[in-house]
Amino acid sequence: MIPLIRSSSTSLLAPAASCSSPLRCIATVTKSRPPGSESWKRLAAAPWGRSDEPPMRIRQPSKGSAGWRRRTGSKGEDGRRQMRGLDFTLNYGIPRSLSNRLQVWPNSPDTRTRLRTLGLTQEESARLLPEFIIHSLRELKALEAPEASDDPWSMDILKEQLGQTGDAESRIALLDRSILHRFLSWVSTQPDATADSPQSIDNISTFSPYANLGAIGRVLDSRKPAEAYPLTRRMKRKIIMHVGPTNSGKTYNALVALAKAQTGVYAGPLRLLAHEVYDRFNKGLIAIPTAPGEPLTSCVRKCNLTTGEERRFVDDNAPLTSATVEMINLNTPYGVVVLDEIQMIADPLRGDAWTRAFLGVRAEELHLCGEDTVVDLIKALVLETGDDLVINRYERLTALVATDKSLQKLRNIKRGDCVVAFSRTELFQLKYTIEKETGLKCAMVYGGLPPEVRAEQAQLFNDPDSGYDVLVASDAVGMGLNLKIKRIVFAGLSKFDGFREVPLSISQTKQIAGRAGRFGLHDGDGAGEVTTLHTADMKTLKCNMSARLPPVPHAIIKPSLDIIDRLADLLPPNTPFGDLMKLLQTSLLVSAPYATGLNHKDLTRSLKLVESYFGDLSASDCMTLIYCPLNLRDPDSLVTARNLARAFADKAHVSLADLLVDTPFLRALRLVQKLKKKSQKSGGWTEAQRQKITGELAEKKHAALRSLESLHRAVTSYLWMSYRAPPSFPEQQASMDLKLEVEEAIEFYLTLVVTSGGQIDRKPHKKGPRSLQYASGVDMPEAVDLLETPSAVEPQTDGTVQ
């Protein structure tokens with residue numbers, strides 16, 4: 001056996017027999033080869049692989065460290081040393097790199113944790129690992145030969161993955177993942193595994209670690225996700241891509257094909273888009289030719305609506321369905337399926353829904369609508385699925401130009417403008433200033449508003465007789481709404497991502513700017529303009545507008561609920577859900593052009609919450625709760641999520657009262673309802689009364705509005721769960737009624753509110769931990785005191801929904 005170099009470092013290590021050879025990776029030499037020895041001198045003097053390599057630097061270790069380290073690379077622009085190692089394919093090749101990593105892999109803390117999760121005891125690991133290392137080193141040595149044919153390590157796939165990974169940590173993780181999967185495959189062939197399980201290892205009734213490891217390896221192997229849909233693979237689908245910029249007619253042409261189909265589905269990213277398509281089909285707003293060569297005529301097509309939080313059935317036998325992407329049924333054959341915003345296939349949180357739909361939907365024609373940047377990725381996926389591909393490219397139907405100068409002053413705002421900002425406070429300040437300086441009323445659209453309220457505000461802006469001539473919006477305006485915007489004005493080109501202030505991406509800038517000048521919504525040529533409020537942002541805007549979008553790099557995949565349940569059955573009994581998820585995060589094997597989204601920070605945040613409160617539930621139930629649409633960045637939503645978790649864990653039955661206990665949400669709802677009732681009763685308020693009331697609300701930083709938004713998120717989350725676990729979430733109708741009440745209250749609040757004046761705060765958000773106290777946990781009845789006694793506010797002490 002080749003002696004191993006022991007080290008506490010996670011660097012790649014060479015076999016002791018070959019330490020005199022130069023390693024382009026980070027190499028560690030133990031104290032058994034002290035400086036001054038012949039082997040150390042040979043290592044220090046070893047030639048570089050290329051003439052342009054920087055000189056080697058040798059650093060003496062600190063007291064108590066494992067040894068001396070050879071460091072490579074030059075300093076970058078930030079002054080930090082750029083490690084230029086881990087270029088496995090140029091010097092030693094992947095087999096040698098695997099051999100090097102293999103010898104330190106058993107001593108890695110991550111490896112020991114994974115083996116314990118798989119059910120191997122320390123004694124079993126100590127017995128198996130030396131045999132596995134010897135066997136693997138022989139395999140890898142044989143693979144170095146040019147004539148090697150048998151490849152149990154799937155070197156071609158690993159080489160492609162390493163070539164697409166730039167940093168050392170990710171490359172080491174890929175090597176570790178490959179070693180673990182080879183270990184799982186090897187163990188399942190050992191005599192112990194055969195003796196433990198005379199039956200097929202895919203059909204195990206009792207836990208047996210040896211027999212289960214091979215099956216676990218197959219469950220964790222997602223390198224060929226298309227094979228998970230055998231019925232779809234038997235079809236020869238026609239995939240038609242409609243690609244182009246915003247306002248190019250690509251989605252409309254796909255909807256025309258859907259309108260002509262006998263059966264079909266529209267699948268979009270937002271409830272707003274699903275609602276819009278549902279309305280357009282049922283109202284006959286999609287024109288189709290009655291016969292080839294005939295003019296287009298409107299045709300009503302019965303269409304049902306299916307989203308995570310809502311079901312609307314106009315006819316049980318309706319031929320068409322409008323849905324969000326996650327809700328598409330892969331077991332039903334269709335004539336035409338339209339998959340909108342296909343570039344979201346790379347989104348780390350939701351991209352797996354697009355990948356699942358693309359690979360699994362049983363459609364004769366699959367229409368994909370999105371950006372041109374996704375074409376190369378779809379071509380790669382089609383090579384795997386074996387389908388036919390047609391690409392239709394579209395140009396923008398109206399011109400879109402960036403102005404030469406910025407707006408500079410809000411008094412220069414005019415009818416048809418949309419001012420874009422990225423915080424609620426700034427949006428309200430913009431609304432106040434614009435209304436004060438121009439006399440134009442502003443509608444508002446931002447992400448915290450319910451989709452139904454956003455649609456209502458958009459309608460007010462689009463209606464020329466409503467009195468609302470300007471739109472103040474966040475980036476929520478970039479998708480899902482048809483708006484008569486003539487000019488987009490960016491109040492800033494950066495946004496807070498939950499952790500820090502970050503610049504808008506090229507894609508985000510173009511998506512928002514493209515809402516200006518929509519075809520068919522304006523008189524004349526319908527050309528759109530885009531500009532900034534501040535002169536300092538104009539250069540960045542023009543650069544973003546002229547830049548080419550980077551190609552979509554990969555398609556996101558995640559394990560299905562069936563796979564998660566199967567993995568849970570194969571692991572030792574009572575394996576914590578958190579350990580199962582860590583195994584998936586570190587060991588799920590994928591290949592290009594796929595990637596996993598299991599390590600996204602939002603998913604990790606949800607995992608911690610579920611792990612804390614739902615440890616006794618099945619793995620698939622825990623995953624369902626992870627995907628529940630609660631915004632865990634919002635402290636108020638985090639509290640309602642914990643209420644839901646406690647109630648479900650304690651009694652497996654959650655009422656609305658359980659969800660809302662000890663929150664100020666219902667109190668805020670009753671407050672706004674009282675204000676609305678008083679306004680209707682008195683026939684409206686004087687401007688002085690209105691200013692006084694809204695001033696009080698503004699001084700509380702619109703706590704009542706934030707509470708209403710949080711209440712709406714809580715209720716829609718309850719509805720989402722009620723469709724997936726009806727016995728545990730039985731108050732579906734009460735939730736629908738409360739949801740409508742909240743939406744009406746928010747609409748009234750937005751028509752009422754006038755914020756206090758002041759300069760727009762352009763200071764970046766401070767980074768730091770967010771308090772778990774209610775953002776809206778302040779006293780709110782003062783506004784009612786202006787008109788009536790405090791007793792008019794109904795007390796809410798037990799969380800009961802009235």
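How many bridges join strand S15 to strand S17, and in which sense do the two strands run? Three bridges connect S15 (residues 417-420) with S17 (residues 468-473), and the strands run parallel. Strands here are DSSP runs of E with at least two residues, helices are runs of H or I with at least four residues, and both are numbered from the N terminus. Two strands pair if DSSP finds at least two bridges between them. Within this pairing, Val-419 has Val-472 of S17 as its bridge partner.

The model is predicted: local features need pLDDT of at least 70 and side-chain atom pairs count only at pLDDT 80 or more, while totals for chains, interfaces and linings use all residues. Residues are numbered from 1 along each chain as its sequence is written, and side-chain values use heavy atoms, with hydrogens and water left out. The pLDDT, which is the predictor's confidence in each residue from 0 to 100, has a mean of 78 for the protein chain, and 75% of the residues reach 70 or more. Residues 39-91 have pLDDT below 50, and this stretch has 111 contacts in the model beyond near neighbours in sequence; contact means heavy atoms within 4.5 Å. For residues 755-802 pLDDT also stays under 50, with 96 contacts beyond four places in sequence. Where pLDDT is low, the predicted coordinates should not be read in detail.

An open sheet is formed by six strands in the order S14-S21-S18-S15-S17-S16, with parallel pairing. Its edge strands, S14 (400-402) and S16 (441-445), each pair on one side only. On average, neighbouring strands of the sheet are turned by 25° against each other, direction ignored. Helix H14 (residues 424-438) packs on this sheet and touches S15, S16 and S17, its direction making about 165° with that of S16. Helix H15 (residues 451-462) likewise touches S15, S16 and S17, at about 150° to the direction of S16. Axes are lines fitted to C-alpha atoms, for helices over the stretch in contact, and angles run from 0 to 180 degrees between N-to-C directions.

In strand S5 (residues 264-268), five of five residues are buried (under 20% relative accessible area, with a 1.4 Å probe and protein chains only; exposed is over 50% and partly exposed lies in between). Gly-264, Tyr-266 and Gly-268 lie on one side of S5, and Val-265 and Ala-267 on the other. S5 pairs in the parallel sense with strand S10 (residues 320-324) over five bridges, where Ala-323 is the bridge partner of Ala-267. Pairing of S5 with strand S11 (residues 334-339) is also parallel, over four bridges, and Val-265 stands opposite Val-337.

Thr-232, in helix H9 (residues 230-233), is buried at a relative accessible area of 3%. Beyond four places in sequence, Thr-232 contacts Arg-237, Leu-359, Gly-360, Val-361 and Arg-362. Arg-237 in turn lies over the face of Phe-358, 5.7 Å from the ring centre. A charge sits over a ring if NZ of Lys or CZ of Arg is within 6 Å of the ring centre and within 35 degrees of the ring normal. The charged end of Arg-311 is placed over the ring of Tyr-723, at 4.0 Å from its centre.

The structure holds seven aromatic pairs, defined for rings of Phe, Tyr and Trp (its six-membered ring) with centres within 6.5 Å; planes under 30 degrees apart count as stacked, over 60 as edge-to-face and the rest as tilted. Tyr-718 and Phe-729 form an edge-to-face pair, 5.4 Å centre to centre with 75° between the planes. Tyr-718 lies in helix H26 (residues 703-722) and Phe-729 in the loop between H26 and helix H27 (732-752), so the pair ties together parts 11 residues apart in sequence. Both residues, Tyr-718 and Phe-729, are buried. Ring pairs also link Trp-105, Phe-132, Phe-183 and Trp-186 into a cluster.
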